[in-house]
Amino acid sequence: MEQRILTFFAEWLTLPKEQFRILVMLADVGAFRGNLSDVCRYFSVDPQDYHRRRLRTAIEALACHGFITAVRAGNTYQIEIIPKAEEITMPAEWVNRVRRHEYHTEDVAWEIVLKVQLWLLQNANNGLITNDDIAAGVNSSVSQVVAAKNVLQNEYQAFIKEYAYWNTGNCFRRKGQIIDMSAWWTTS
């Protein structure tokens, strides 16, 4: 059985959570045609007016900034991704596992976990990485990045990290980490 691969773009990683969610859905289903209640059901949230309004705002912002094309006819939307330059690919099974998993080690949104995983897939080979680098790359706080990394490391064994230190004369200080991405995640 052939594994389905989803394509993400590095430009998505700094977007707000609601906008990133829409793009994750489009990466999974391709072009979307339906109403906002259908989008709510895709994410397993109640199709209340509050959620639909937030989705509508996110879709409008994505279209305005050139990430998607969105055509609205009544309550029905036709939405498609506008490809960007830097692609990041990930198996659909991994994305769905991150979206549906209940995290036991940290209180963190699945969007942040997925953004950090995508950022690491794109940048782990660049050598020394700091949590500040990751936080800037995914437009999040360092504490959320640390929580997401803990989930990826402890619940998925998605990477191995080795800390790098420098000698200040009196003591050793951590200057960052070198991350080696694992080829396979555990199936838990």
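# Close-up views, one by one

**View 1. Gln-157 counts as partly exposed, at 34% relative accessibility.** Here, buried means under 20% relative accessible area, exposed means over 50%, and partly exposed lies in between, using a 1.4 Å probe and protein chains only. The model is predicted, so local features need pLDDT of at least 70 and side-chain atom pairs count only at pLDDT 80 or more, while totals for chains, interfaces and linings use all residues. Residues are numbered from 1 along each chain as its sequence is written, and side-chain values use heavy atoms, with hydrogens and water left out. Gln-157 sits in the loop between H7 and strand S6 (159-167). Helices (H or I, at least four residues) and strands (E, at least two) are DSSP runs, numbered from the N terminus. Although Gln-157 is not a glycine, its phi is positive, about 50°. For background, most residues other than glycine have a negative phi.

**View 2. Ser-44 also has a positive phi, about 60°, without being a glycine.** You will find Ser-44 in the loop between helix H2 (36-42) and H3. Ser-44 is exposed, with a relative accessible area of 67%.

**View 3. The whole chain, before we zoom in again.** The chain holds 7 helices and 7 strands. Starting at the N terminus, its elements follow the pattern β-α-β-α-α-β-β-β-α-α-α-α-β-β. Its C-alpha atoms fill a box of roughly 70 × 35 × 30 Å, taken along the principal axes. Of the 188 residues in the chain, 42% are buried. Contact means heavy atoms within 4.5 Å. Among the contacts in the chain with a separation of 6 or more, 60% join residues 24 or more positions apart.

**View 4. An open sheet of 3 strands is ordered S2-S4-S3, with antiparallel pairing (strands pair if DSSP finds at least two bridges between them).** Strand S2 (32-34) and strand S3 (68-73) are at the edges with a single partner strand each, so one side of each has no neighbour in the sheet. On average, neighbouring strands of this sheet are turned by 10° against each other, direction ignored. S3 runs antiparallel to strand S4 (residues 76-81), and 6 bridges join them. Val-71, for instance, has Gln-78 in S4 as its bridge partner. Helix H1 (residues 17-29) packs on this sheet, where it touches S2, S3 and S4, and its direction makes about 80° with that of S4. Helix H3 (residues 49-64) packs on the sheet too, touching S3 and S4, with its direction at about 130° to that of S3. Axes are lines fitted to C-alpha atoms, for helices over the stretch in contact, and angles run from 0 to 180 degrees between N-to-C directions.

**View 5. A closer look at H1, a helix of 13 residues.** From first C-alpha to last, H1 reaches 18 Å, close to the 18 Å expected at 1.5 Å a residue; the expected span is 1.5 Å times one less than the number of residues. Buried residues in H1 include Phe-20, Ile-22, Leu-23, Val-24, Met-25 and Leu-26. Gly-30 follows H1 and has a positive phi, near 80°.

**View 6. Helix H5 (residues 110-123) meets helix H7 (residues 142-154), with axes that come within 9 Å and cross at roughly 80°.** H5 is therefore roughly perpendicular to H7; angles of 65 to 115 degrees count as such, those under 35 as roughly parallel, those over 145 as roughly antiparallel and the rest as oblique. From H5, Ile-112, Val-113, Val-116, Gln-117 and Leu-120 meet Gln-144, Val-145, Ala-148, Lys-149, Val-151 and Leu-152 in H7. The residues of this contact divide into 8 nonpolar, 2 polar and 1 charged. Ala, Val, Leu, Ile, Met, Phe, Trp, Tyr, Cys and Pro count as nonpolar, Asp, Glu, Lys and Arg as charged, and the others, Gly among them, as polar.

**View 7. Helix H6 (residues 131-138) and H7 cross at roughly 100°, with axes that come within 9 Å.** This makes H6 roughly perpendicular to H7. Asn-131, Asp-132, Ile-134, Ala-135 and Val-138 of H6 make the contact with Val-142, Val-145, Val-146 and Lys-149 of H7. The residues of the contact of H6 with H7 comprise 6 nonpolar, 1 polar and 2 charged.

**View 8. Gly-176 lies in strand S7 (residues 172-181).** Gly-176 is buried, with a relative accessible area of 7%. Setting aside neighbours within four places in sequence, Gly-176 is in contact with Leu-128, Ile-129, Thr-130, Glu-162, Tyr-163 and Ala-164. Gly-176 and Asp-133 are 43 residues apart in sequence, and their C-alpha atoms are 9.7 Å apart in space.
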